[in-house]
Amino acid sequence: MLGTLGVAGALAGLLLVTVFQLTQPAIQEHKARVLSEAVLEVLAGPERYETLYVVDGALVAEPPAGRDARTLPRVYAGRSAQGALDGFAVTAAKPGFQDVVSLIFGFDAATGTLRGMKVLENKETPGLGDKIEKDAAFTGQFAGRRPPLVGVKGGADGDAQVDMITGATISSRTVVAAINEALERVRPALEAYAREPAR
């Protein structure tokens with residue numbers, strides 16, 4: 001009996017590993033496609049974008065020798081048809097009510113305003129916390145806001161204010177905090193890059 005259980009366990013483990021290895025490329029391809037669409041969405045449709053790496057507080061097009069690009073923070077620089085800089089898309093993540101909330105937002109370094117925000121992944125409470133992704137009134141209010149953001153209840157009336165979702169205050173605050181914290185880390189690099197001559 002022990003031998004039978006051992007063989008069955010080994011076969012189940014082998015099957016799990018095989019399925020994981022076979023599906024991983026498709027999963028990664030899907031994630032890359034979702035991210036690409038999100039970059040274009042939060043930057044309001046630039047002609048193209050390029051991936052930049054944050055290295056020692058600066059943005060670089062290529063990671064330095066000996067540094068693994070997969071471990072470096074990234075931002076995405078939107079470009080117009082003429083090649084002019086058309087804002088940055090920045091990813092952010094922060095623990096929410098249930099699990100980590102991952103999102104991406106567009107930022108215009110020249111004006112200091114957001115271009116848009118999109119939640120990429122969340123496991124917040126269905127019907128409440130997941131409104132941070134599904135409620136168009138919430139997601140649509142980020143464009144034009146000037147960080148650092150402040151979450152308020154009962155209607156936003158300032159250019160830094162974001163109206164929280166009733167019944168999902170923690171999830172709403174998570175989005176606001178994730179954007180503020182990400183910008184605090186990378187804003188100097190974004191602004192320095194935006195001041196450089198056109199590439």
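This is a predicted model: local features need pLDDT of at least 70, side-chain atom pairs count only at pLDDT 80 or more; totals for chains, interfaces and linings use all residues.
Ser 171 lies in helix H4, which covers residues 169–195. Is Ser 171 buried or exposed? The relative accessibility of Ser 171 is 4%, so the residue counts as buried; the cut-off for buried is under 20%.

The strands come next. Strand S4 covers residues 85–95 and strand S5 covers residues 100–108. Strand S6 covers residues 113–121. S5 pairs with S4, and S5 also pairs with S6. The two pairings are set out below.

| Strand pair | Sense | Bridges | Residues between the strands |
|---|---|---|---|
| S4 and S5 | antiparallel | 8 bridges | 4 residues |
| S5 and S6 | antiparallel | 7 bridges | 4 residues |

Which residue in S5 is the bridge partner of Thr 91? The partner is Ile 104. On the S6 side, Leu 103 stands opposite Val 119.

Both pairs form hairpins. S4 and S5 make one, with 4 residues between them. S5 and S6 make another, also with 4 residues between the strands. In the hairpin of S5 and S6, Gly 112 takes a positive phi near 75 degrees.

Key. Residues are numbered from 1 along each chain as its sequence is written. Side-chain values use heavy atoms; hydrogens and water are left out. Helices (H or I, at least four residues) and strands (E, at least two) are DSSP runs, numbered from the N terminus. Buried means under 20% relative accessible area, exposed over 50%, partly exposed in between (1.4 Å probe, protein chains only). Two strands pair if DSSP finds at least two bridges between them.
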